[in-house]
Amino acid sequence: MRTPFVAGNWKMNKTGEEARLLVSELLPALQPITTVERAICPPFPYLLPLANMLKGSGIGLGAQNMHWEASGAFTGEVAPAMVAEFCQYVILGHSERRAYFHETDEMVNKKVKAALAIGLTPIMCVGETLSENEAGLTAEVVTRQTRLGLAGISAEEVSRVVIAYEPVWAIGTGKAATAQQAQDVHARIIRPVLREMFGETAAQAMRIQYGGSVNSKNAAELFAMPDIDGALVGGASLKAPEFIAIVQAAAEAKK
Ligand code: PGA
C-alpha cells in the first residue's frame with residue numbers, strides 16, 4: 001500500500017501575511033489526517049517563516065524549483081542544500097518551468113539527482129501539452145520525460161521519487177483529466193516505464209500524483225483510482241477549505 005500524498009503548489013502567489021494566514025488555517029485541520037502525507041510548496045521567501053510555523057506538525061514543506069549545482073556563480077538561483085535546510089520536498093520539472101524557463105529533461109534529471117543526494121524528496125512533473133495530446137503523442141511524451149528525468153538513478157534511490165502526472169491542458173484550466181484518463185496514463189504508461197527501468201518492487205512503491213485542476217469536487221473520484229496516489233494541487237491549494245477537503249478526500253478514498 002502506497003501512502004497517498006497531497007501537495008499544494010502555491011506557484012507565485014500570496015503575500016507573506018496571506019501565506020501565514022493560510023498556514024494557520026490549514027494547521028488544525030490537516031494535522032490530524034495522518035494517513036495522508038501532506039505538504040505545501042510556497043514561494044522561496046516564505047520557506048523560513050512557514051517552516052517555523054509547521055515545525056512538529058507533520059505537514060511537510062517543499063520548494064517549487066532549485067538548481068542542481070551545490071554553489072557558485074548562478075545569480076538568482078537556489079542550491080539543493082539551501083532548500084534542504086527548510087524543506088523535505090522539491091517540485092522539479094513543472095510544465096511552467098519547462099515552458100517559460102526552458103528546462104529540458106536533462107536539466108530535470110540533474111535536479112532530481114541533486115535532490116536525492118541531499119535527502120530531499122523530488123516531485124518530478126511530467127505531462128503532455130494539448131497539441132501533443134491531440135496528436136496522439138501522450139504515451140511518447142510522458143515516457144520520454146519519465147525515462148530521461150530518472151536516467152542513471154538506482155532502483156533503491158528512485159523509490160523516494162514522487163511522479164506528478166500533470167497534463168498541461170488540465171493545468172489552471174478548470175478542465176481536469178477524467179479519473180479514468182489519469183488512471184490510464186498512470187497504470188499503462190508511467191508505471192510500466194518505472195517497472196522496466198527499476199523493476200517491479202520499486203515501480204509498485206513509487207507514488208504517482210495527478211495534477212491539473214484538482215479541486216474538492218473531483219478529488220474523490222480521482223483518488224478512487226488504484227494508481228492515483230494523491231495530487232499536486234495548484235489553484236485549489238490557495239484556499240484552506242478546498243485544500244483541506246482534497247486531503248480529506250485522499251484519506252477517505254485510500255483507507
Ligand atoms: P492547478 O495547477 O491545480 O491550478 O491546475 C496544478 C499544478 O500546476 O501543479
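**Strand β6 and the cysteines**

Reply: This is a predicted model. Strand β7 covers residues 208-211 and runs parallel to β6, with 3 bridges between them.

Now take the other neighbour. Strand β5, residues 121-126, also pairs with β6 in the parallel sense. Here the count is 4 bridges. Within this pairing, isoleucine 123 has valine 162 of β6 as its bridge partner. So β6 pairs with β5 and with β7, taking these as pairs because each has at least two bridges.

What about the faces of β6? The strand spans residues 162-165, and both of its faces are covered. Val162 and Ala164 are on one side. Ile163 and Tyr165 are on the other. Each of these residues is buried, which means under 20% relative accessible area.

Next, the cysteines. How many disulfides does a search of the whole structure find? It finds 0. Cysteine 41 shows why: its closest cysteine sulfur, in cysteine 87, is 7.6 Å away, too far for a bond. The cut-off for a disulfide is 2.5 Å between the sulfur atoms. Seen from cysteine 87, the closest cysteine sulfur is that of cysteine 41, again at 7.6 Å.

Are these two cysteines buried or exposed? Cysteine 41 is buried, with a relative accessible area of 0%. Cysteine 87 is buried too, at 6%.

Key: Residues numbered from 1 in each chain as written. Predicted model: local features only at pLDDT ≥ 70, side-chain atom pairs only at ≥ 80, totals over all residues. Heavy atoms only, no water. Buried < 20%, exposed > 50% of the residue type's maximum accessible area, 1.4 Å probe, protein only. Helix = DSSP H or I, 4+ residues; strand = E, 2+ residues; numbered from the N terminus.
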